[in-house]
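Thanks for coming. I will go through the inside of this protein, then one opening in it. Please look at the model first.

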Amino acid sequence: MIIALASDHGGFALKEQIKAHLAGRGFDVTDLGTNSEESVDYPAFGKACGEEVASGKADLGIVCCGTGIGISIAANKVKGVRCGLCTSVEMATLTKQHNNANILALGGRTTAPELAMEIVDAWLDTEFEGGRHQRRVDMLDNM
């Protein structure tokens, strides 16, 4: 499985920790940047990750900015992306079970690294339930 990662400067440190965590779990990681804490524009990185996932070059994506809000909005502008901003393990589980989120968003300034890794693991290890949720995911994809 290939996981695309992207962040702005506010999410850079967390992205780097997630990258190491994913490598430790044996995932192939595509790092789309940014590559430092120098100020950059989060929409470009959210879009890049969204396009990587929507095109099929990556199976899933994880994006980080200061709060996770802006970069999740940017990623969700790409057709075929279902990006969920999660601040708890429960949210991560439900966004995969019910929404089949293909991108996870996290806040580098708002989520402790230990919790972020728990959120990442819960999201990756949860399966989409399908069933009644499939109709809703189809509606999202057809918007």
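A nonpolar core here is a set of buried Ala, Val, Leu, Ile, Met, Phe, Trp, Tyr and Cys residues joined through side-chain atoms within 4.5 Å. Buried means under 20% relative accessible area, with a 1.4 Å probe and protein chains only. The model is predicted, so local features need pLDDT of at least 70 and side-chain atom pairs pLDDT 80 or more, while totals for chains, interfaces and linings use all residues. Residues are numbered from 1 along each chain as its sequence is written, and side-chain values use heavy atoms, without hydrogens and water.

The largest nonpolar core has 21 residues, and I18, L22, I62 and L106 have the most contacts inside it. At least two residues each come from β1, α1, β3, β5 and α5 (DSSP runs numbered from the N terminus: helices H or I, at least four residues; strands E, at least two). The biggest contributor is α5, with seven. Another core, of 15 residues, lies apart from it and includes A4, F45, A58 and V63.

Now α5 itself, residues 113-125. Its buried residues are A116, M117, I119, V120, A122, W123 and L124. Among the elements covering them are β1 (2-7), α1 (12-24), β3 (60-65), α4 (89-97) and β5 (103-107).

Last, the opening. Which residues lie nearest the centre of the largest pocket? They are N76, V81, R82, L140 and D141, out of 14 lining residues. β4 (83-85) and α6 (132-141) each supply at least two residues of that lining.

Notes: 1 Å grid on protein atoms, 1.4 Å probe; cavity = no way out; pocket = protein on both sides within 12 Å on 5 of 7 lines; lining within 4 Å. Buried < 20%, exposed > 50% of the residue type's maximum accessible area, 1.4 Å probe, protein only. Contact = heavy atoms within 4.5 Å.
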